[in-house]
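Dear colleague,

Please find the structure we spoke about below, followed by some notes on what turned up in it. I would be glad if you read them with the model open beside you.

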Amino acid sequence: MADMDGFAKTFCQTYYSAFDTNRATLGSLYAPDAQMTFEGTKSVGAEAILQKLVSLSFQRVQHAITTLDCQMTQSGLLVFVVGQLKTDDDAPHSFSQSFHIVELGQGQYFISNDIFRLSLHHS
């Protein structure tokens, strides 16, 4: 992967655009045996991940990426995102999300691992 920063940016734009407009399309971005931890809840497999994402209670969401960092790994690309999201009529919240993206076939990239957390501080 010659331009990992450009790839990571394009991937995140694609992912968050799909998330914000039609979460049901996100399943095709995940490897069949992918794992996701969303706010501490683990899902295994692309179908289970998709079910979790489409079952989220908000109707409208908008993501804004603040920073994006990436590193090559032995098996793919690690992407770390910090940003803000706004759901329905709620105030914006900060979030962080990590993706491990792997190549499964010539030029076909999928999310292998996904970890998402809102940046909330509890006292």
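In which strand is the place of Ser98? Ser98 sits in strand β5, where strands are DSSP runs of E with at least two residues, helices are runs of H or I with at least four, and both are numbered from the N terminus. Before going further, please keep in mind that this is a predicted model, in which local features need pLDDT of at least 70 and side-chain atom pairs count only at pLDDT 80 or more, while totals for chains, interfaces and linings use all residues. Residues are numbered from 1 along each chain as its sequence is written, and side-chain values use heavy atoms, with hydrogens and water left out.

To stay with Ser98, its relative accessible area is 22%, so this residue is partly exposed; that class lies between buried, which is under 20% relative accessible area, and exposed, which is over 50%, using a 1.4 Å probe and protein chains only. Not counting residues up to four places away in sequence, Ser98 touches Val79, Phe80, Asn113, Asp114 and Ile115, a contact being heavy atoms within 4.5 Å. The C-alpha atoms of Ser98 and Phe11 are separated by 12 Å, although the two residues are 87 residues apart along the chain. Ser112, in strand β6, counts as buried because its relative accessibility is 17%, and, with residues up to four places away in sequence again not counted, Ser112 touches Ala34, Gln35, His100 and Val102.

Next come the helices. In α1 the buried residues are Ala8, Phe11, Cys12, Tyr15, Tyr16, Ala18 and Phe19. These cover an arc of only 155° around the axis, which puts them on the same side of α1, the arc being that of the directions from the helix axis to the C-beta atoms. Their cover includes β1, α2, β3 (61-72), β4 (76-87), β5 (93-103) and β6 (109-118), whereas the face of α1 turned away from the buried side carries the exposed residues Lys9 and Thr21.

Helix α2 (residues 46-54) has Ala46, Ile49, Leu50 and Leu53 buried. These cover an arc of only 100° around the axis, and so they lie on the same side of α2. The buried residues of α2 are covered by elements including α1, β1 and β2 (41-44).

Arg23 deserves a careful look, and it lies in the loop between α1 (4-21) and β1 (30-38). Arg23 is buried yet has no salt bridge, and the nearest side chain of opposite charge, Asp88, is 7.3 Å away. A salt bridge here is a side-chain nitrogen of Lys or Arg within 4 Å of a carboxyl oxygen of Asp or Glu; for charge, Lys and Arg count as positive and Asp and Glu as negative, with His and the chain ends not counted.

Across the whole structure, a search finds 1 salt bridge. Asp89 forms a salt bridge with Arg60, and the closest N and O atoms are 3.1 Å apart. Asp89 lies in the loop between β4 and β5 and Arg60 in the loop between α2 and β3, so the pair ties together parts that are 29 residues apart in sequence. Asp89 counts as exposed at 69% relative accessibility, while Arg60 is partly exposed with a relative accessible area of 47%.

Finally, two backbone angles are worth checking on your screen. Glu39, found in the loop between β1 and β2, has a phi near 55°, a positive value in a residue other than glycine. Asp88, in the loop between β4 and β5, has a phi near 45°, again positive in a residue other than glycine.
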